[in-house]
Amino acid sequence: MAGEGPAPSSCDCFVALPPHTAAPAVIFGKNADRPRHEVQEIVYVPAATHCPGDRVQCTYLEIEQAPRTHAVVLSRPAWLWGAEMGANEHGVCVGNEGVWTREPMGEDEALLGMDLVRLGLERGSSAREALEVITALLERHGQGGSCKEEPVPFVYHNTFLLADRSEAWVLETAGRYWAAQRIREGSRNISNQLSIGTDITAEHAELRQRAQSQGWWSGAGEFSFADAFSLEQQPPRMEAAKARYRAGKELLKQHAGRITAETFMAILRDKASGICVDSEGFRTAGSMVSVLPRDPAVPCVHFFTATPDPSRSVFKPFIFVAGLKPSPQVLSPSFSDDPARKVPRFQSTVDRRHELYRRHQAALELMERDQEQGQKLQQTLRDLERQGLEAVNALLGGDVAPRPEELAELFFDCVDAELKFYK
């Protein structure tokens, strides 16, 4: 397989629904584990209407545009079009994970799983709609192309976790084939492996026929997507994912009935389980936690780090409102001669670090160089995060009614406050 060198050892997505949550809300979380020096930026894209015949350029492939796209906020590797995770104005959240299956890995450029994350958010007003968008585009265009900003291709198939205010879906793929499972209550996690067995809510029309024609399923008895399409000999990275999956499942179980945004932040910071990655080749490049209240009158809140290693980062709240103040401190620079957009690709490198990433990088170096000063800074940053959480919890609880302009500046102000501490 192309790209058999160091590979991402993990990505983990979590969702909790009542009765596992402490409040009547759905909570979503993800760690995006990527090459160690890759920069993750936070991008807000407003809603838009498009003309008939319009096209949209994804990372590699140009496809037909939708008549209307929803406003989205994305946490994405700065070199590509799609996203590792994000949310839209309708309270839909989506995150993806890499998997390796019995279906062949095509190196031909198609849609990345990360492109499908963004396309689902831009075109789906519910988790179910986003799933239908993703599966239709997957069947039409396929998935493929390198998922790393390096000359040696690194390719994988994808699984997705999708959530909205009322339900969640797990979508798992193998080439153009897929299976989906609806989650109505409790909690669920995914970790770089096929996990949908016989409990399939929706599937590709020819999924079972494909499995039977390849000798992966006899056609008798119950059909298990994971059993049929998982590799017999798992790559080491997928074997490691099994331990993380079990650890994540156990952490969800331990907190069942009491899960909050803070619970998910703690889980995403857990290094003992391997959920928070900080290795030589790969680390958690960005993290996200979202609170999706069941009450449609209460706004959804999405927390992003925009920096690596959540155990040493600040989760900052974002709320969709009119007149959002731009946050250029978490946007990477653009390049007219971008090596990701030229063929052959990735023949040179550029510095994609945004302002917050640079300042945070310097802070991490201080923490490692001067333990006492590092601990003081770490405590200061946690205090800053706690202030943001207290304000958001007051909003979610109906204790305060902030002015729209305050919400429009919320994410910018939190990023700005973090930057000031680094100075």
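Mentor: This is a predicted model. Start with how the chain contacts itself: of the contacts in the protein between residues at least 6 apart in sequence, 70% join residues at least 24 apart.

Trainee: What is the secondary structure of the protein?
Mentor: The protein has ten helices and 18 strands.

Trainee: How does the radius of gyration sit with a compact globule?
Mentor: The two agree, because a compact globule of 423 residues would come out near 22 Å and the protein has 20 Å. The C-alpha trace spans about 60 × 50 × 50 Å along its principal axes.

Trainee: How much of the protein is buried?
Mentor: Buried residues account for 59% of the 423. The accessible surface is about 17200 Å², and carbon and sulfur atoms hold 49% of that.

Trainee: Buried or exposed?
Mentor: Ser 191 has 1% relative accessibility, so it counts as buried; the cut-off for buried is under 20%.

Trainee: What is Ser 191 in contact with, beyond its sequence neighbours?
Mentor: Leaving aside neighbours within four places, the contacts of Ser 191 are Cys 11, Asp 12, Glu 97, Ala 241, Arg 244 and Tyr 245. With Asp 12, there is a side-chain polar contact of 2.5 Å. Ala 241 is 50 residues away from Ser 191 in sequence, yet their C-alpha atoms are 5.7 Å apart.

Definitions and conventions: Residues are numbered from 1 along each chain as its sequence is written. This is a predicted model: local features need pLDDT of at least 70, side-chain atom pairs count only at pLDDT 80 or more; totals for chains, interfaces and linings use all residues. Side-chain values use heavy atoms; hydrogens and water are left out. Helices (H or I, at least four residues) and strands (E, at least two) are DSSP runs, numbered from the N terminus. The radius of gyration is taken over C-alpha atoms; the globule rule is 2.2 Å times the number of residues to the power 0.38. Buried means under 20% relative accessible area, exposed over 50%, partly exposed in between (1.4 Å probe, protein chains only). Contact means heavy atoms within 4.5 Å. Accessible areas come from the Shrake-Rupley method with a 1.4 Å probe; for residues, only the protein chains shown count as cover. A polar contact is a pair of N or O atoms within 3.5 Å; within protein, one must be able to donate a hydrogen and the other to accept it, and residues adjacent in sequence count only if both atoms are side-chain atoms.
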